[in-house]
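Dear colleague,

I am passing on the structure below, and after it you will find some notes on what came out of the analysis. Please read the notes with the coordinates open beside them.

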Amino acid sequence: MTDDAATASARLDPVPGEWRRVSPKYIVVDLVGNLVTGVIATVGSSLPAWLFQWGVWWWLLPIAVGVVSLVLIALTPRRVRSIGYLLRDDDLLFRRGIMFQRFVAVPFGRMQLVDITRGPLARAVGLAELKLVTAAAATGVVIPGLSLADAEELRDHLVALAETRRAGL
Amino acid sequence: MTELADGAWHRLHPATPLLKGGIALIAILGVIVANLRERLVEWFFPGVNCPPDVCEEDPISIILERYLLFALLGIVVVILVVIALFWLSWRMHTFRVTGEVVEVRSGVLFRSHRKSRLDRIQGINIARPLFARIFGAAKLEISAAGSDANVQLAYLSSANADGLRAEILARASGLRAREAADAVAAAEAAAAEGAAVGVSDAVRANLAEVARARLAEFTAPELDPNLAPPQSVVTMSPGRLIGSTVLSSGTIMFVVIVAGVLVAVSVGGAGFWAFFGIIPTVFGLGSYLVNRVLKSLRYSIAATADGVRVGFGLLSTTNETIPPGRIHAVEISQELLWRPFDWWTVKVNLASQSSTAGAAGQQSTTILPVGSRTEVLKVLELVLPSLVTDETRLQIEGGLAPARPDDGFTTSPRRGAALRWFSWRRNGFMLHADAVVLRRGAVWRSLTVVPTARTQSVAAHQGPLERMLRLAKVRLHTVAGPVTASIGALDAHDASALFRDAAAAGAVAIRSDRSHRWGSA
């Protein structure tokens, strides 16, 4: 009981609220992406053992890479469910990550541009990715897994808000 | 009001091609002289004979003997073409300053037209390289955010450059009422300086007058005493600069390497030749030291009506004016060996990138290469006037000292020592009305100040190790620069509170921030 309370308070949750989550379809997109990366990385790391026959120990490398990839793939649904965003009066909050949690608050007046990008897989399931750019490169807020209509609506909303709150750099 | 800012198109200083190509011209002359040394000696001292195998087989001799006319003709044509091209390029290079924008048109074959909004100005730099200074010319660079977004006016006459900058800044500040007063002041200044405005008039009037004006310009103090009240000026003594350079980590590394080589020679018998490896390094270090000191002689940083002015230089001078609200983050830090002397250096993040280097051969973002504690606090007061007030001065000063229980900083908990071995007591933050103050480091102490009105976004991070220790990290995102405002190993609750408060303060600051038109408030 106390242990639970301790872990609950240890987790970073600076702004409790109704986070808007991304579409569950994005799990599929992310899964396929992770699968492809995992296979390429595993095959790539097995090349030394395969081509040069340096010894049995070199097979440990692809095994390790494969295991890490599998863990990443297994965690994909949870990771996607952890992505969320929240529109407040003056800023947009973004969160992602379970192991490595990240919260970002971007004031509307600081948005320099809003990008919508769509990869081939995302397009196939009707999803889009929204990217917010500020004058700081470190902001790095990308909201994946929005339906195209949602993404466009959000973009127009954000651009309109940014226009009313416009300030210098 | 200077005539250059009347909204009509103007040309640059007529000597611009010469000044821009000055170095190239000298280099070409040098190459010619080096190659024709023998022949020049023969021309000027006919008694000295040219070695026979040089003069007979030399292509120059053949040209001189057989194709003299063609050669002369060719040289004349080349010179004429070059002059015509330079003249054309000078003629096609025009600029104008209106109430809203500054525009530059340049290029002969490939025309370019750059327009920069005055309220987006991040700073104005006036550089006077030695060669240009002799001719009474100056380079004016108007910086805007982003890379390669600056507008450069090279060259203008020296006095015009100062006048134009004052005028541009006055317009950018949105101050209409002050313009009339400025015009009167500028006219008075021009009258006082005699032949300063309009060099061509002076040339016609009197050459001696020009020489006198030039000499006055050359010997004038780097910082015009009328520009800033003396109590707001911070200068840097050469002695401290030398001391700080000698005690910097680079020098210490050098001494360690030399000591290592000496030990290797005496103990391991590495051989005498090892010394020769050191000699170039010694020369390199020597020239670095001399350069560093020479470049930052006459350094001063002062508060003017239109922002902070940083100026320096003995022979080639540079000064930059950064309007209020253009500084995105400030960091006061210290080299390890500077601590007994209480020396600090001040770096800032700016949205623009200046093409000229800063004082002491540093980046132009190092606005104070070295200063005492009082000077550093004064500089902080200049760049963030709202932060350092009488009430907060003690608190800010506490940020440079070891931690005390009641110094206003929220520091890491005891368990933060797992991640910040030595500095967990000092590692902390303070939320001020206008800025977030981060205090970090025990061995390498630093104090970072981020004005909330300039923060781009705020982030909070937590990794698995941090979660086990109930810690978290907060980072304030600013434009790119030498200062990274992030603070780790905070208690998760404190980090959440800082994240919330910094985000809220940022939203409030954006609403009330008027610094892009700083004069209109």
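Chain A holds five helices and seven strands, where helices (H or I, at least four residues) and strands (E, at least two) are DSSP runs numbered from the N terminus. Along the sequence, these elements of chain A come in the order α-β-α-α-β-β-β-β-α-β-β-α. Please bear in mind that this is a predicted model, in which local features need pLDDT of at least 70 and side-chain atom pairs count only at pLDDT 80 or more, while totals for chains, interfaces and linings use all residues. Residues are numbered from 1 along each chain as its sequence is written, and chains are lettered from A and ligands numbered from 1 in the order in which they are written.

On overall form, chain A has a radius of gyration (taken over C-alpha atoms) of 20 Å, well over the 15 Å that the globule rule (2.2 Å times the number of residues to the power 0.38) gives for 169 residues, so chain A is more spread out than a compact globule. Its C-alpha atoms fill a box of roughly 65 × 45 × 30 Å along the principal axes. Of the 169 residues in chain A, 26% are buried, meaning that 20 or more other C-beta atoms, placed from the backbone, lie within 10 Å of the residue's own.

Turning to the interface, 29 residues of chain A are in contact with 31 residues of chain B, a contact being two residues whose C-beta atoms, placed from the backbone, lie within 7 Å. On the chain B side, β19 (457–462), α17 (464–468), β20 (471–477) and α18 (492–512) each supply at least two residues, and α18(B) gives the most, with nine residues. Strand β4 (residues 101–107) of chain A runs antiparallel to β19(B) and is joined to it by five bridges, pairing of strands requiring at least two DSSP bridges. Within this pair, Q101(A) stands opposite Q462(B).

Chain B itself is assigned domain 1 (1–220), domain 2 (237–295) and domain 3 (328–517), with bounds from an automatic or database domain assignment. The centres of domain 2 and domain 3 of chain B, taken over C-alpha atoms, are separated by 33 Å, and the contact between these domains takes 10 residues from domain 2 and nine residues from domain 3. On the domain 2 side, α12 (238–246), α13 (249–268) and α14 (274–295) of chain B are the elements that give two or more residues.

With best regards

Methods
A residue is buried if 20 or more other C-beta atoms lie within 10 Å of its own, exposed if 12 or fewer, and partly exposed in between; C-beta atoms are placed from the backbone.
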